[in-house]
Amino acid sequence: MLPTEKLYYQDAYLREFTAQVISKTTLADGNFAVVLDRTAFYPEGGGQPCDLGTLNAAVVIDVRTINDEIVHTTVGDPGDGLLTGRLDWQRRFDHMQQHSGEHILSGILLANYQAENVGFHLSPASCQIDVTLPSLTAEQANSIEDAANAAIFANLPVEGKFVEQTDLAAYRLRKEPGKEFAQIRLVSVEDCDCCPCGGTHVSRTGEVGLLKIRSWEKRKQNIRLDFVCGGRALADYRQKHELSRALSSRFSAPVEGTLAAVERTLEKLDASQSQLAVSRKAYHEELAVRLLTEAETFNPTGLRIVSRVFANYNAGDLQDFAVRITSVGGICLVAASDSDSGRTSLLFAAASNPPLAMNELLKQTLTPVGGKGGGNALSAQGGVQGGDAEKILAAARDLLQQKKQE
(Lines give C-alpha, C1' and ligand atoms only; values in the text may rest on other atoms or scores of the structure.)
Protein backbone atom coordinates (compact mmCIF):
# COMPACT_ATOMS: atom_id res chain seq x y z
CA MET A 1 0.00 0.00 0.00
CA LEU A 2 1.37 3.42 -0.97
CA PRO A 3 1.77 5.90 1.91
CA THR A 4 -0.91 8.55 2.34
CA GLU A 5 -0.08 11.76 0.49
CA LYS A 6 0.36 14.49 3.14
CA LEU A 7 -1.40 17.50 1.72
CA TYR A 8 -0.77 19.52 4.90
CA TYR A 9 2.91 19.65 3.94
CA GLN A 10 2.13 20.86 0.43
CA ASP A 11 -0.27 23.58 1.60
CA ALA A 12 -0.89 24.26 5.28
CA TYR A 13 -3.75 26.61 4.28
CA LEU A 14 -5.75 23.90 2.46
CA ARG A 15 -9.15 23.70 4.13
CA GLU A 16 -11.00 21.27 1.85
CA PHE A 17 -9.86 18.32 -0.26
CA THR A 18 -11.07 15.13 -1.94
CA ALA A 19 -9.58 11.70 -1.37
CA GLN A 20 -10.18 8.02 -2.01
CA VAL A 21 -10.93 5.63 0.85
CA ILE A 22 -8.16 3.01 1.03
CA SER A 23 -9.50 1.13 4.05
CA LYS A 24 -12.30 1.48 6.59
CA THR A 25 -12.76 -0.45 9.83
CA THR A 26 -15.63 -0.44 12.28
CA LEU A 27 -14.27 -0.01 15.81
CA ALA A 28 -15.58 -1.61 19.01
CA ASP A 29 -17.22 1.67 20.10
CA GLY A 30 -19.10 2.01 16.79
CA ASN A 31 -16.79 4.64 15.35
CA PHE A 32 -14.85 4.16 12.12
CA ALA A 33 -11.11 4.08 11.41
CA VAL A 34 -10.51 5.45 7.92
CA VAL A 35 -7.32 5.49 5.84
CA LEU A 36 -7.21 7.73 2.75
CA ASP A 37 -4.91 7.97 -0.24
CA ARG A 38 -4.34 11.67 0.58
CA THR A 39 -5.23 13.91 3.51
CA ALA A 40 -5.01 17.48 4.75
CA PHE A 41 -5.67 16.36 8.34
CA TYR A 42 -2.53 16.66 10.45
CA PRO A 43 -2.09 13.65 12.79
CA GLU A 44 -1.16 14.25 16.41
CA GLY A 45 2.61 14.39 16.92
CA GLY A 46 5.58 16.50 17.89
CA GLY A 47 3.66 18.23 20.66
CA GLN A 48 0.94 19.42 18.26
CA PRO A 49 -2.64 18.06 18.50
CA CYS A 50 -4.35 16.65 15.45
CA ASP A 51 -6.73 18.46 13.13
CA LEU A 52 -10.47 17.93 13.39
CA GLY A 53 -13.27 18.39 10.90
CA THR A 54 -15.43 16.17 8.70
CA LEU A 55 -15.15 13.44 6.06
CA ASN A 56 -18.35 13.87 4.05
CA ALA A 57 -20.96 14.13 6.86
CA ALA A 58 -18.96 12.08 9.39
CA VAL A 59 -17.23 14.06 12.14
CA VAL A 60 -13.48 13.47 12.51
CA ILE A 61 -12.67 13.21 16.23
CA ASP A 62 -9.07 11.97 16.08
CA VAL A 63 -6.21 11.59 13.60
CA ARG A 64 -3.14 9.49 14.43
CA THR A 65 -0.25 7.76 12.70
CA ILE A 66 -0.58 4.03 13.42
CA ASN A 67 1.88 1.59 11.85
CA ASP A 68 2.93 4.23 9.32
CA GLU A 69 -0.71 4.85 8.30
CA ILE A 70 -2.63 8.05 8.96
CA VAL A 71 -5.85 6.85 10.58
CA HIS A 72 -8.88 9.15 10.81
CA THR A 73 -11.40 8.23 13.51
CA THR A 74 -14.93 9.32 12.61
CA VAL A 75 -18.28 9.31 14.32
CA GLY A 76 -20.48 7.71 11.69
CA ASP A 77 -19.65 6.09 8.38
CA PRO A 78 -18.07 8.59 5.94
CA GLY A 79 -18.89 6.35 2.97
CA ASP A 80 -16.71 4.67 0.36
CA GLY A 81 -14.86 5.72 -2.75
CA LEU A 82 -14.23 9.42 -3.28
CA LEU A 83 -15.10 11.66 -0.36
CA THR A 84 -14.64 15.28 0.72
CA GLY A 85 -12.67 16.31 3.75
CA ARG A 86 -13.15 19.66 5.47
CA LEU A 87 -10.92 20.94 8.25
CA ASP A 88 -11.92 22.86 11.35
CA TRP A 89 -9.96 25.83 10.06
CA GLN A 90 -10.12 27.87 13.28
CA ARG A 91 -8.44 25.01 15.15
CA ARG A 92 -5.84 24.44 12.42
CA PHE A 93 -4.89 28.13 12.18
CA ASP A 94 -4.70 28.40 15.98
CA HIS A 95 -2.22 25.51 16.01
CA MET A 96 -0.22 27.15 13.22
CA GLN A 97 0.00 30.41 15.18
CA GLN A 98 1.03 28.72 18.43
CA HIS A 99 3.56 26.36 16.82
CA SER A 100 5.20 29.08 14.73
CA GLY A 101 5.30 31.31 17.80
CA GLU A 102 7.02 28.48 19.69
CA HIS A 103 9.75 28.31 17.03
CA ILE A 104 10.31 32.07 17.21
CA LEU A 105 10.47 31.99 21.01
CA SER A 106 12.80 28.97 21.04
CA GLY A 107 15.14 30.54 18.50
CA ILE A 108 15.44 33.72 20.56
CA LEU A 109 16.01 31.83 23.80
CA LEU A 110 18.85 29.87 22.20
CA ALA A 111 20.43 32.90 20.54
CA ASN A 112 20.20 35.25 23.52
CA TYR A 113 20.44 32.91 26.51
CA GLN A 114 21.92 29.67 25.11
CA ALA A 115 18.77 28.02 26.46
CA GLU A 116 17.60 24.90 24.64
CA ASN A 117 13.98 23.88 24.19
CA VAL A 118 13.68 20.40 25.72
CA GLY A 119 9.88 20.07 25.74
CA PHE A 120 6.86 21.44 23.89
CA HIS A 121 3.18 20.98 24.72
CA LEU A 122 0.24 22.51 22.90
CA SER A 123 -3.28 22.06 24.26
CA PRO A 124 -6.55 23.98 23.93
CA ALA A 125 -5.83 25.74 27.23
CA SER A 126 -2.09 26.40 27.12
CA CYS A 127 1.11 26.46 25.12
CA GLN A 128 4.25 25.58 27.06
CA ILE A 129 7.93 24.97 26.49
CA ASP A 130 10.59 23.69 28.89
CA VAL A 131 13.93 25.43 28.44
CA THR A 132 17.36 24.89 29.97
CA LEU A 133 17.45 28.01 32.09
CA PRO A 134 18.38 27.88 35.79
CA SER A 135 16.11 30.87 36.53
CA LEU A 136 14.21 33.66 34.85
CA THR A 137 13.50 37.21 36.00
CA ALA A 138 10.60 39.42 34.95
CA GLU A 139 13.07 41.72 33.22
CA GLN A 140 14.48 38.82 31.19
CA ALA A 141 10.99 37.58 30.32
CA ASN A 142 10.07 41.04 29.02
CA SER A 143 13.25 41.17 26.94
CA ILE A 144 12.53 37.74 25.43
CA GLU A 145 8.94 38.74 24.73
CA ASP A 146 10.03 41.99 23.06
CA ALA A 147 12.48 40.15 20.80
CA ALA A 148 9.87 37.56 19.82
CA ASN A 149 7.33 40.21 18.92
CA ALA A 150 9.93 42.18 16.98
CA ALA A 151 10.43 39.07 14.83
CA ILE A 152 6.66 38.73 14.43
CA PHE A 153 6.20 42.38 13.44
CA ALA A 154 9.03 42.07 10.91
CA ASN A 155 6.79 39.63 8.99
CA LEU A 156 9.66 37.26 8.24
CA PRO A 157 9.18 34.33 5.86
CA VAL A 158 8.58 30.88 7.37
CA GLU A 159 9.51 27.91 5.22
CA GLY A 160 9.07 24.16 5.57
CA LYS A 161 10.98 21.81 3.29
CA PHE A 162 12.43 18.29 3.15
CA VAL A 163 16.17 17.83 2.95
CA GLU A 164 18.50 14.83 2.89
CA GLN A 165 20.65 13.87 5.87
CA THR A 166 23.71 14.62 3.76
CA ASP A 167 22.57 18.23 3.23
CA LEU A 168 22.09 19.12 6.91
CA ALA A 169 25.59 20.57 7.26
CA ALA A 170 24.48 23.55 5.16
CA TYR A 171 21.98 24.62 7.83
CA ARG A 172 22.48 26.17 11.25
CA LEU A 173 20.09 23.99 13.26
CA ARG A 174 18.68 24.71 16.69
CA LYS A 175 18.67 20.97 17.37
CA GLU A 176 19.81 17.90 15.48
CA PRO A 177 17.29 15.49 13.90
CA GLY A 178 17.19 11.78 14.62
CA LYS A 179 19.62 9.68 12.62
CA GLU A 180 16.87 7.21 11.75
CA PHE A 181 15.31 9.59 9.20
CA ALA A 182 16.67 9.57 5.67
CA GLN A 183 14.74 12.72 4.81
CA ILE A 184 14.29 15.55 7.28
CA ARG A 185 11.66 18.27 7.22
CA LEU A 186 13.14 21.58 8.31
CA VAL A 187 11.07 24.58 9.36
CA SER A 188 12.99 27.84 9.23
CA VAL A 189 12.13 31.36 10.34
CA GLU A 190 14.42 33.79 8.52
CA ASP A 191 17.26 35.05 10.77
CA CYS A 192 15.56 33.51 13.81
CA ASP A 193 15.25 29.73 13.85
CA CYS A 194 15.85 26.54 11.90
CA CYS A 195 14.72 23.25 13.32
CA PRO A 196 13.50 19.77 12.30
CA CYS A 197 9.72 19.84 12.65
CA GLY A 198 6.74 17.95 11.27
CA GLY A 199 4.08 20.46 12.33
CA THR A 200 1.97 22.98 10.43
CA HIS A 201 3.07 26.61 10.32
CA VAL A 202 2.13 30.04 9.01
CA SER A 203 3.92 31.30 5.91
CA ARG A 204 5.08 34.58 7.46
CA THR A 205 5.66 35.55 11.09
CA GLY A 206 3.19 38.44 10.89
CA GLU A 207 0.37 35.90 10.94
CA VAL A 208 1.37 34.88 14.47
CA GLY A 209 0.00 38.29 15.43
CA LEU A 210 1.33 38.64 18.96
CA LEU A 211 3.18 36.54 21.52
CA LYS A 212 2.59 36.97 25.24
CA ILE A 213 4.51 35.14 27.99
CA ARG A 214 1.89 34.64 30.69
CA SER A 215 3.89 32.87 33.39
CA TRP A 216 6.87 30.67 34.15
CA GLU A 217 7.90 28.22 36.85
CA LYS A 218 10.82 26.06 37.89
CA ARG A 219 10.58 22.46 36.66
CA LYS A 220 13.48 20.34 37.96
CA GLN A 221 16.56 21.94 36.38
CA ASN A 222 14.59 23.86 33.74
CA ILE A 223 12.10 26.69 33.38
CA ARG A 224 8.62 26.05 31.98
CA LEU A 225 7.24 29.00 30.04
CA ASP A 226 3.52 29.39 29.44
CA PHE A 227 2.69 31.65 26.49
CA VAL A 228 -0.05 32.41 23.97
CA CYS A 229 -0.02 33.67 20.39
CA GLY A 230 -2.42 35.22 17.93
CA GLY A 231 -6.09 34.66 18.67
CA ARG A 232 -5.25 33.20 22.08
CA ALA A 233 -3.25 36.31 22.97
CA LEU A 234 -6.23 38.48 21.97
CA ALA A 235 -8.60 36.40 24.10
CA ASP A 236 -6.16 36.56 27.03
CA TYR A 237 -5.88 40.36 26.69
CA ARG A 238 -9.66 40.73 26.39
CA GLN A 239 -10.25 38.70 29.55
CA LYS A 240 -7.71 40.68 31.57
CA HIS A 241 -8.93 43.98 30.15
CA GLU A 242 -12.50 43.22 31.20
CA LEU A 243 -11.25 42.23 34.64
CA SER A 244 -9.27 45.45 35.02
CA ARG A 245 -12.28 47.50 33.86
CA ALA A 246 -14.55 45.75 36.35
CA LEU A 247 -12.09 46.35 39.19
CA SER A 248 -11.66 49.95 38.11
CA SER A 249 -15.41 50.45 38.30
CA ARG A 250 -15.76 48.57 41.59
CA PHE A 251 -13.06 50.61 43.32
CA SER A 252 -13.94 53.92 41.59
CA ALA A 253 -10.39 54.34 40.35
CA PRO A 254 -8.73 54.66 36.93
CA VAL A 255 -7.35 51.39 35.59
CA GLU A 256 -3.78 52.45 36.32
CA GLY A 257 -4.75 53.25 39.93
CA THR A 258 -6.71 50.06 40.60
CA LEU A 259 -3.86 48.18 42.29
CA ALA A 260 -3.28 50.99 44.76
CA ALA A 261 -7.02 51.14 45.49
CA VAL A 262 -7.15 47.39 46.10
CA GLU A 263 -4.13 47.55 48.40
CA ARG A 264 -5.72 50.36 50.43
CA THR A 265 -8.90 48.32 50.77
CA LEU A 266 -6.97 45.25 51.87
CA GLU A 267 -5.10 47.30 54.48
CA LYS A 268 -8.44 48.50 55.86
CA LEU A 269 -9.75 44.95 55.84
CA ASP A 270 -6.70 43.70 57.72
CA ALA A 271 -7.18 46.42 60.33
CA SER A 272 -10.86 45.51 60.66
CA GLN A 273 -10.01 41.81 61.02
CA SER A 274 -7.53 42.64 63.77
CA GLN A 275 -10.15 44.71 65.61
CA LEU A 276 -12.68 41.92 65.15
CA ALA A 277 -10.25 39.36 66.59
CA VAL A 278 -9.76 41.51 69.70
CA SER A 279 -13.53 41.97 70.07
CA ARG A 280 -14.15 38.25 69.65
CA LYS A 281 -11.63 37.37 72.35
CA ALA A 282 -13.39 39.73 74.76
CA TYR A 283 -16.75 38.27 73.72
CA HIS A 284 -15.45 34.71 74.19
CA GLU A 285 -14.26 35.55 77.68
CA GLU A 286 -17.62 36.96 78.72
CA LEU A 287 -19.60 34.21 76.95
CA ALA A 288 -17.48 31.43 78.47
CA VAL A 289 -18.18 32.67 81.99
CA ARG A 290 -21.92 32.82 81.35
CA LEU A 291 -22.15 29.45 79.60
CA LEU A 292 -20.05 27.71 82.22
CA THR A 293 -22.41 29.00 84.88
CA GLU A 294 -25.40 27.63 82.97
CA ALA A 295 -23.69 24.43 81.81
CA GLU A 296 -24.79 20.92 82.66
CA THR A 297 -22.45 19.16 85.09
CA PHE A 298 -21.09 15.78 84.10
CA ASN A 299 -21.21 13.86 87.40
CA PRO A 300 -19.32 12.35 89.14
CA THR A 301 -16.34 14.12 87.58
CA GLY A 302 -17.78 17.61 87.93
CA LEU A 303 -16.97 18.44 84.29
CA ARG A 304 -19.34 20.91 82.70
CA ILE A 305 -20.46 20.52 79.07
CA VAL A 306 -20.61 23.68 76.96
CA SER A 307 -21.85 23.55 73.35
CA ARG A 308 -22.28 26.42 70.94
CA VAL A 309 -22.77 27.07 67.21
CA PHE A 310 -21.03 30.10 65.73
CA ALA A 311 -21.58 31.59 62.29
CA ASN A 312 -18.61 31.96 59.92
CA TYR A 313 -15.94 31.33 62.54
CA ASN A 314 -12.49 30.12 61.54
CA ALA A 315 -10.48 27.43 63.29
CA GLY A 316 -8.57 30.00 65.34
CA ASP A 317 -11.77 31.51 66.70
CA LEU A 318 -13.09 28.11 67.72
CA GLN A 319 -9.79 27.26 69.38
CA ASP A 320 -9.79 30.51 71.35
CA PHE A 321 -13.24 29.84 72.73
CA ALA A 322 -12.49 26.18 73.48
CA VAL A 323 -9.37 27.07 75.46
CA ARG A 324 -11.42 29.28 77.77
CA ILE A 325 -13.81 26.40 78.51
CA THR A 326 -11.25 23.65 78.95
CA SER A 327 -8.94 25.79 81.07
CA VAL A 328 -11.47 25.59 83.92
CA GLY A 329 -12.13 21.89 83.49
CA GLY A 330 -15.00 21.88 81.02
CA ILE A 331 -15.89 19.92 77.90
CA CYS A 332 -16.32 22.17 74.87
CA LEU A 333 -18.38 21.16 71.83
CA VAL A 334 -18.34 23.94 69.25
CA ALA A 335 -19.35 24.19 65.60
CA ALA A 336 -19.00 26.83 62.91
CA SER A 337 -21.37 26.99 59.95
CA ASP A 338 -20.01 28.63 56.77
CA SER A 339 -22.81 30.29 54.83
CA ASP A 340 -20.70 30.55 51.66
CA SER A 341 -19.44 26.97 51.36
CA GLY A 342 -22.25 25.29 53.30
CA ARG A 343 -19.68 23.42 55.38
CA THR A 344 -19.98 22.78 59.11
CA SER A 345 -16.70 22.64 61.06
CA LEU A 346 -16.48 21.05 64.50
CA LEU A 347 -14.07 21.22 67.43
CA PHE A 348 -14.43 18.99 70.48
CA ALA A 349 -12.07 19.66 73.38
CA ALA A 350 -11.81 18.62 77.01
CA ALA A 351 -9.71 19.04 80.09
CA SER A 352 -7.46 16.18 81.18
CA ASN A 353 -8.92 12.69 81.55
CA PRO A 354 -12.30 13.18 79.84
CA PRO A 355 -14.83 10.38 80.28
CA LEU A 356 -14.92 9.85 76.50
CA ALA A 357 -11.97 10.54 74.20
CA MET A 358 -12.72 13.56 72.03
CA ASN A 359 -11.54 11.88 68.83
CA GLU A 360 -13.85 8.93 69.51
CA LEU A 361 -16.74 11.29 70.29
CA LEU A 362 -16.13 13.18 67.05
CA LYS A 363 -15.99 9.97 65.02
CA GLN A 364 -19.24 8.64 66.48
CA THR A 365 -20.91 12.00 65.86
CA LEU A 366 -19.76 12.61 62.31
CA THR A 367 -19.81 9.14 60.78
CA PRO A 368 -23.63 8.92 60.60
CA VAL A 369 -23.82 12.23 58.70
CA GLY A 370 -20.93 11.54 56.31
CA GLY A 371 -18.38 13.76 58.00
CA LYS A 372 -14.73 13.15 58.78
CA GLY A 373 -12.19 14.30 61.32
CA GLY A 374 -9.48 13.30 63.73
CA GLY A 375 -7.44 14.24 66.73
CA ASN A 376 -6.64 12.81 70.12
CA ALA A 377 -8.29 12.21 73.48
CA LEU A 378 -8.19 15.88 74.47
CA SER A 379 -8.89 17.64 71.17
CA ALA A 380 -10.43 16.67 67.84
CA GLN A 381 -11.48 18.59 64.74
CA GLY A 382 -13.54 17.68 61.70
CA GLY A 383 -16.31 18.74 59.41
CA VAL A 384 -19.14 17.81 57.12
CA GLN A 385 -20.59 19.36 53.99
CA GLY A 386 -24.02 20.66 54.90
CA GLY A 387 -25.59 19.19 58.00
CA ASP A 388 -27.47 20.82 60.84
CA ALA A 389 -24.88 22.07 63.33
CA GLU A 390 -27.36 22.16 66.22
CA LYS A 391 -28.44 18.56 65.61
CA ILE A 392 -24.84 17.40 65.31
CA LEU A 393 -23.93 18.96 68.66
CA ALA A 394 -27.11 17.51 70.20
CA ALA A 395 -26.00 14.07 69.04
CA ALA A 396 -22.62 14.61 70.69
CA ARG A 397 -24.28 15.63 73.94
CA ASP A 398 -26.49 12.53 73.80
CA LEU A 399 -23.39 10.34 73.43
CA LEU A 400 -21.89 12.00 76.48
CA GLN A 401 -25.12 11.43 78.42
CA GLN A 402 -25.04 7.75 77.52
CA LYS A 403 -21.47 7.62 78.81
CA LYS A 404 -22.62 9.37 81.98
CA GLN A 405 -25.19 6.66 82.66
CA GLU A 406 -22.81 3.77 82.14
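Asp236 and Lys240 pair up in a salt bridge, their closest N and O atoms 3.0 Å apart; a salt bridge here is a Lys or Arg side-chain nitrogen within 4 Å of an Asp or Glu carboxyl oxygen. This is a predicted model, where local features need pLDDT of at least 70, side-chain atom pairs count only at pLDDT 80 or more, and totals for chains, interfaces and linings use all residues. Residues are numbered from 1 along each chain as its sequence is written, and side-chain values use heavy atoms, with hydrogens and water left out.

**The helix α4 pair**
- Both Asp236 and Lys240 sit in helix α4 (residues 230-250), four residues apart, or about one turn; helices are DSSP runs of H or I with at least four residues, strands are E runs of at least two, and both are numbered from the N terminus.
- Salt bridges with shared partners link Arg214, Asp226, Asp236 and Lys240 into one network.
- Asp236 is buried at 10% relative accessibility, while Lys240 is partly exposed at 42%; buried means under 20% relative accessible area, exposed over 50%, and partly exposed in between (1.4 Å probe, protein chains only).

**Other salt bridges**
- The structure has 20 salt bridges.
- Asp193 bridges to Arg174, with the closest N and O atoms 2.4 Å apart.
- Asp193 is in strand β13 and Arg174 in the loop between β11 (158-164) and β12 (183-189), so the pair ties together parts 19 residues apart in sequence.
- Asp193 and Arg174 are both buried.
- Arg64 and Asp62 also meet in a salt bridge (2.7 Å, N to O), with Arg64 partly exposed at 38% and Asp62 buried at 18%.
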